Amino acid sequence: MIFLKTSLSTVSQARLWGKASVANNNLEQLIEFYKLMLKIRLFEEKIDWLFSRGMLGGTSHMCIGQEAVAVGISANLNQDDYVISSHRGHGHLIAKGGEIRKIFAELMGKIDGYCYGKGGTQHLCAKEIGFYGTNGIVGGGIPVATGIALSIKLRKTRQVAVVFFGDGATNQGTFHESLNIASIWNLPILFVCENNLYGMSAPVGKMTNIDDLAQRADAYNIKNYIVDGMDVSGVFDVSNEAISYIRDRQQPCFIEAKTYRHCGHSKSDPKVYRTKDEEKCWLEKDCIGSLKKRLAVAGFDVEKMDKIKGDIEREVGDALKFSEKSEFTPQHFALEGVYKDG
Ligand SMILES: Cc1ncc(C[n+]2csc(CCOP(=O)(O)OP(=O)(O)O)c2C)c(N)n1
């Protein structure tokens with residue numbers, strides 16, 4: 001079931017609505033969603049583990065809790081569609097077909113990383129699968145995606161550009177300028193706001209004076225949707241309609257996915273700005289936990305789910321070993337590939 005822009009004002013309402021869409025997805029598809037969401041989570045949990053042991057430097061922003069948004073939307077994309085991400089982008093890359101061994105290697109500064117170990121977590125780029133980068137500048141990916149959408153329009157293909165960003169990014173000028181341009185030029189772009197309720201420690205309710213961020217798309221006459229971001233099948237259905245609309249009509253769309261990050265903003269965040277009760281409440285709605293329950297109700301037995309988890313754990317372990325064996329990027333690479341002539 002799909003929900004056009006409504007007066008939705010609470011996340012609990014979104015949750016109820018999202019449930020109605022489960023019947024639209026078949027068991028096989030739900031299992032694939034489950035596998036991919038679990039892969040993203042286990043991969044990020046391993047990154048957390050590496051940080052805790054001092055085996056990774058810098059910082060990283062996990063999407064633990066938000067996996068359903070990346071997976072539900074990317075399931076509607078073709079390889080030659082474009083995805084542009086934010087600082088919280090591992091899940092978007094994996095959902096677009098990214099290889100976890102190359103992401104591990106990138107984070108470790110190894111030569112086999114997606115950007116030869118020079119980019120790290122906030123500059124992950126995989127052009128060969130249409131992934132045009134994570135972006136450390138809040139709102140920075142939105143105009144890039146809008147430019148890509150313009151190039152699609154000029155080339156007259158049926159591709160779409162999808163850009164993921166957080167609630168905080170909707171207060172940036174880049175967001176408003178991009179929505180305006182996309183609207184007046186009829187660009188084939190899907191704007192996806194992952195409203196996880198906080199921009200760092202700032203609650204969305206204190207930073208914006210509206211109930212739903214999707215309202216902002218109305219100001220630019222862009223068709224928009226609100227969906228429960230904890231329900232992967234709801235996200236899939238909504239984005240399926242939005243992406244078909246973009247391809248057929250060559251016009252932009254906007255989705256606000258109400259979601260939550262179970263983890264802190266980045267690895268060093270003790271989360272003192274939110275209550276344990278709130279965290280517990282959202283954990284109960286966790287996208288992976290709830291899908292697991294639905295699969296069990298649908299008759300998919302627990303042993304099979306345990307096997308899936310075991311297989312993914314092995315895959316993550318192998319990917320890590322691969323990246324550990326990879327060589328550190330040689331110093332002379334620092335100046336290579338940074339400037340393209342012509
Ligand atoms: C232009 C800019 N301003 C501030 C920052 C610091 N910063 C990094 S992430 C972040 C919060 C972003 O919140 P949101 O857009 O909601 O994304 P989320 O982290 O919730 O996924 C801020 C303020 C930045 N990286 N870039």
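**Entry 1: the ligand**

I began at Asp167, where a backbone N or O atom lies 3.2 Å from an oxygen atom of the ligand. I counted a polar contact as a pair of N or O atoms within 3.5 Å. This is a predicted model, in which local features need pLDDT of at least 70 and side-chain atom pairs count only at pLDDT 80 or more, while totals for chains, interfaces and linings use all residues. Residues are numbered from 1 along each chain as its sequence is written, and side-chain values use heavy atoms, with hydrogens and water left out.

Next I looked up Arg88, and found one of its polar side-chain atoms 2.7 Å from an oxygen atom of the ligand. For Asn196, I noted a polar side-chain atom 3.0 Å from a ligand oxygen atom.

Which residues come nearest to the ligand? I listed His87, Arg88, Gly136, Gly168 and Tyr198, out of 15 residues around the ligand. A residue is near if one of its heavy atoms lies within 4 Å.

I took helices as DSSP runs (H or I, at least four residues), numbered from the N terminus. Axes are lines fitted to C-alpha atoms over the stretch in contact, and angles run from 0 to 180 degrees between N-to-C directions.

Helix 2 (residues 27-52) packs on helix 3 (residues 67-74) at an angle of about 135°, and I read the axes as 9 Å apart. The two helices are therefore oblique to each other. Angles under 35 degrees count as roughly parallel, over 145 as roughly antiparallel, 65 to 115 as roughly perpendicular and the rest as oblique.

Which residues of helix 2 meet helix 3? I found Phe33, Leu36, Met37, Ile40 and Arg41, against Glu67, Ala68 and Val71 in helix 3, with contact meaning heavy atoms within 4.5 Å. The residues of this contact divide into 6 nonpolar, no polar and 2 charged.

**Entry 2: helix 3 with helix 10**

I then followed helix 3 to helix 10 (residues 232-249), where the axes come within 8 Å and cross at roughly 40°. That makes helix 3 oblique to helix 10.

From helix 3, I noted Ala68, Val69, Val71, Gly72 and Ile73 meeting Val232, Val235, Phe236, Ser239 and Ile243 in helix 10. This contact has 8 nonpolar, 2 polar and no charged residues.

**Entry 3: helix 2 with helix 5**

Last, I went back to helix 2, whose axis comes within 12 Å of that of helix 5 (residues 100-107), crossing at roughly 25°. That makes helix 2 roughly parallel to helix 5.

I saw Lys39, Phe43, Lys46, Ile47 and Leu50 in helix 2 meet Ile100, Ile103, Phe104 and Leu107 in helix 5.

How values were computed. Nonpolar A, V, L, I, M, F, W, Y, C, P; charged D, E, K, R; others polar. Polar contact = N/O pair within 3.5 Å; in protein donor to acceptor, adjacent residues only side chain to side chain.
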